[in-house]
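Please look over the structure below before reading on.

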Amino acid sequence: MALTGLEIYKQLPKKNCGECGVPTCLAFAMALASGKAALDTCPHVTAAAREALDSASAPPIKAIKFGNGSVMGDENVLFRHDKTFYHPTTLLIRVSDALSDDELSQKLEEIKGLEFDRVGLHYSLDGVAVVNESGDAARFEKVAGIVAANTEKSLLLLSSDPTALKAALVPLASRKPLIGEATEENYEAIVNLAKENSVPVIIKAEGLDALNDLVVKAQALDYKEFVLDAGSRNPVETLANLTQFRRLSIKKKFRPFGYPVIAYTSKTEPLDEIMEASVYVSKYASAVVINTSAKAHVLPLMTLRQNLYTDPQKPIQVEPVLHSVGDVNENSPFYITTNFSLTYYSVEGEVEASKIPSYILPIDTDGTSVLTAYAAGKFEPEKIVDAMNKSGIADKITNKTVIIPGYVAVISGKLAELSGFKVVVGPRESSGILSFTKTL
Amino acid sequence: MSVALVKERYTSKVGEVVLGATSEQGGTRTSTVSVGGDSTLPFLHFEGQMQNRPVIAMEVNDTVPEWNEAIKSQFGDVLGNPGAWAKKCVDEFGADLIYLKLNGADPEGVNRSPEDCTRIVKEVLAAVGVPLIVVGCDDDEKNNEIMAAIAEAATGENLLLGLAEQDNYKSIAAAAMVHKHTLIARSPLDINICKQLNILINEMGLPLSKIVIDPMIGGLGFGIEYAYSIMERARLGALANDKMLSMPMICTVGYESNRCKEANASAEEFPGWGDLKDRGVLWEAMTASAMLQVGASILVMRNPAAVRLVQKNIADLMNK
Ligand code: SF4
């Protein structure tokens with residue numbers, strides 16, 4: 001949210017004394033607006049003006065980074081259709097220090113497996129939340145150490161006991177974990193601990209009002225690397241809080257809530273828990289801590305996250321090169337489609353289901369679907385022939401037949417003429433491919 | 001200090017639609033189901049009314065479906081018997097509505113006659129007391145034929161009939177109007193076509209309170225984000241008093257989610273994806289969850305285990 005020179009000028013002392021190195025306050029304001037000067041070079045600026053300028057130029061939700069490349073916050077809209085969501089919900093698996101060593105190593109093994117490949121994309125778990133439930137500072141420190149040694153992922157260290165937290169944090173400070181939680185009772189100790197170690201810290205209070213008070217007090221410790229938790233632990237209340245955080249920070253520029261927010265699931269059954277987490281991923285949580293680490297549970301949640309954080313303006317594309325499905329040979333059917341990921345993978349899925357080894361060539365349509373591409377002149381016979389030539393398909397199949405989407409049946413003649421291939425009009429929708437293959 | 005909450009002031013709300021009719025209302029249902037009527041974004045009880053809880057319609061087919069075993073095995077031996085199947089959905093799985101899909105009408109399949117289709121609708125009506133949604137097969141012409149017959153045979157039942165689409169809406173809209181049913185207007189993820197279709201149907205004389213929008217969602221991992229944003233925009237439109245977007249929305253969650261590979265591939269085929277059982281259930285349930293967050297009023301579902309999860313999720317979110 002950059003300020004204009006004029007907006008900055010209003011806050012300056014208007015002495016035109018030139019001590020900042022430029023002759024007038026206005027010139028200095030212009031230099032500030034374009035990032036060529038720093039406010040500190042004016043010795044006369046008031047504390048109030050500094051505060052106003054700092055907060056007006058800050059983004060509505062501060063970006064908080066921790067661990068191994070995790071970024072939370074820095075969102076600008078309430079709805080993805082307004083622009084896009086930028087920083088996918090950070091997903092953390094909860095590991096209690098009350099687990100036995102065996103249970104712990106089992107859990108860590110399971111967590112290691114949380115890497116997924118689907119539709120040409122790779123999904124990774126972001127991190128592990130080590131929770132101090134043992135009530136034993138030494139145990140917490142030990143478990144945090146074991147977890148850290150067994151994963152490269154980001155870490156969250158969670159304890160309300162400043163001594164335990166310090167013991168666990170100090171040896172791991174270089175991993176830059178997120179720590180928590182600072183509450184009304186312990187916030188000075190914990191925020192100062194975070195400050196000394198340059199790590200972000202969770203500020204937790206019961207309800208938005210109490211949290212507002214606590215954030216203001218914590219900020220007075222001259223530290224602002226915060227993540228917020230309004231304490232709710234059920235879906236409907238958490239949804240309401242997460243919505244208020246997002247609305248207040250973006251619509252009202254309410255500074256105390258201009259930080260990322262973390263949510264925790266409360267359900268004990270893993271499937272219920274994933275459903276609960278899906279609400280928080282959909283609606284505004286910057287980070288979610290879940291218990292289950294079974295692949296079958298985490299994959300759907302990560303898929304939802306990936307889907308919702310896709311930029312609506314930038315459709316995901318597949319590489320426009322020849323793909324083969326199954327053990328292809330010179331008699332394999334040859335399909336063309338577009339390089340819009342969704343279109344391509346729908347086709348690929350159906351072709352795979354047909355159990356007939358086939359070639360698929362996605363044409364580069366800038367990631368648009370067949371109809372949109374055709375309407376925009378991106379699915380023309382000339383272009384298709386060009387892609388076919390580059391793919392070397394003519395040397396791979398002897399049947400010299402190309403199957404085109406039903407929606408572009410009109411290009412059949414031209415395509416046949418230019419390519420020398422026989423053109424077969426396939427179904428309009430990928431869902432028709434299975435029955436279509438029975439006619440081949 | 002107390003924080004001043006941001007509560008949006010909307011000028012309107014989602015239209016309310018009643019499905020089914022009791023004997024006093026000219027039908028035979030033991031109860032009706034109301035959907036829509038909400039004056040807030042989904043589940044934000046602090047700023048408006050969630051007038052009616054979102055409901056779940058369970059899928060029943062007139063032919064034995066080609067679903068995966070993990071789903072089919074939960075139904076036992078009723079899959080060849082639409083009446084018994086519907087009854088099981090209501091009695092055992094708590095379905096609010098039955099969504100009867102007449103795949104068997106397809107000329108390329110069983111090619112059931114309109115009379116035969118009507119008989120099956122009657123059978124299901126007799127088997128359950130909840131309101132019924134009835135849709136046809138993949139053949140437009142045949143659908144017009146069977147829907148006309150069904151609409152007439154079930155006059156007064158206030159069925160939710162589908163599907164009216166931009167290039168094929170007149171016949172079914174007329175049937176719904178004459179025989180007092182409600183209509184599903186389906187548009188392919190396009191807010192303008194959606195509005196246009198509602199206008200066309202409305203111009204034929206069907207009141208807006210007799211239309212439900214089917215935005216043609218995609219399943220989780222396969223285009224759900226398009227549905228998510230279109231529906232969110234439609235909901236905001238309804239709240240901003242755009243009458244042609246104000247109808248409740250129905251989402252074919254079971255069909256779309258179970259088309260996805262992730263809902264069907266075994267762990268042997270894709271070891272990286274984990275066990276199929278929970279994955280399949282969650283694939284459907286999470287598709288439903290995302291749609292609930294953007295304003296779905298009717299979820300058409302398939303897998304009883306997924307239905308159970310979504311019922312709990314709805315109950316949690318309606319719990320003020
Ligand atoms: S030093 Fe400050 S007061 Fe003096 S001209 Fe520069 S901006 Fe204005």
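## Chain B as a whole

In this predicted model, 63% of the 320 residues of chain B count as buried, where buried means under 20% relative accessible area, exposed means over 50%, and partly exposed is in between (1.4 Å probe, protein chains only). Chain B holds 10 helices and 10 strands; helices (H or I, at least four residues) and strands (E, at least two) are DSSP runs, numbered from the N terminus. Its radius of gyration is 19 Å, close to the 20 Å that the globule rule gives for 320 residues, so chain B is as compact as a globular protein of that length. The radius is taken over C-alpha atoms, and the globule rule is 2.2 Å times the number of residues to the power 0.38.

Along the principal axes, the C-alpha atoms of chain B fill a box of roughly 65 × 55 × 35 Å. Among contacts in chain B with a separation of 6 or more, 68% are between residues 24 or more positions apart; a contact means heavy atoms within 4.5 Å.

## Chain A as a whole

Chain A contains 16 helices and 17 strands. Its radius of gyration is 28 Å, whereas a compact globule of 440 residues would have one near 22 Å. The box filled by the C-alpha atoms of chain A, taken along the principal axes, is roughly 80 × 70 × 35 Å. Of the 440 residues of chain A, 52% count as buried, and chain A exposes about 18,100 Å², with 51% supplied by carbon and sulfur atoms.

How is chain A divided into domains? The assignment gives domain 1 (5–57), domain 2 (64–308) and domain 3 (323–437); such bounds come from an automatic or database domain assignment. The centres of domain 2 of chain A and domain 3 of chain A, taken over C-alpha atoms, are separated by 45 Å. Of the contacts in chain A with a separation of 6 or more, 64% involve residues 24 or more positions apart.

## Charges

Chain A carries 45 positive and 53 negative side chains, and the centres of the two sets lie 6 Å apart. Chain B has 29 positive and 41 negative charges, with mean positions 6 Å apart. Lys and Arg count as positive and Asp and Glu as negative, while His and the chain ends are not counted. The place of a charge is taken as NZ of Lys, CZ of Arg, CG of Asp or CD of Glu.

## Backbone details

Where are cis peptide bonds found? One joins G180(A) and E181(A), with omega about -5°, and E181(A) is in strand β8 (residues 178–182) of chain A. Another joins G162(B) and L163(B), with omega about 0°; L163(B) belongs to strand β6 (residues 160–165) of chain B.

N16(A) has a positive phi, near 50°, and is a residue other than glycine. N16(A) sits in the loop between α1 (5–11) and α2 (25–33) of chain A and is partly exposed, with a relative accessible area of 43%. N241(B) also has a positive phi, near 75°. This residue lies in the loop between α7 (224–239) and β9 (249–251) of chain B, and N241(B) is partly exposed at 40% relative accessible area.

I201(B) is part of helix α6 (residues 191–203) of chain B. With 0% relative accessibility, I201(B) counts as buried. Beyond its neighbours within four places in sequence, I201(B) is in contact with A164(B), Y169(B), A173(B), L183(B), A185(B), L206(B) and I211(B).

Which residues does D278(B) touch, not counting residues up to four places away in sequence? They are L271(A), A296(A) and H297(A). D278(B) is found in helix α9 (residues 276–292) of chain B and is partly exposed, with a relative accessible area of 22%. The C-alpha atoms of D278(B) and A305(B) are separated by 9.1 Å, and the two residues are 27 apart along the chain.

## Conventions

Residues are numbered from 1 along each chain as its sequence is written, and chains are lettered from A and ligands numbered from 1 in the order in which they are written. Local features need pLDDT of at least 70, side-chain atom pairs count only at pLDDT 80 or more, and totals for chains, interfaces and linings use all residues, while side-chain values use heavy atoms, with hydrogens and water left out.

Methods
Accessible areas come from the Shrake-Rupley method with a 1.4 Å probe; for residues, only the protein chains shown count as cover.
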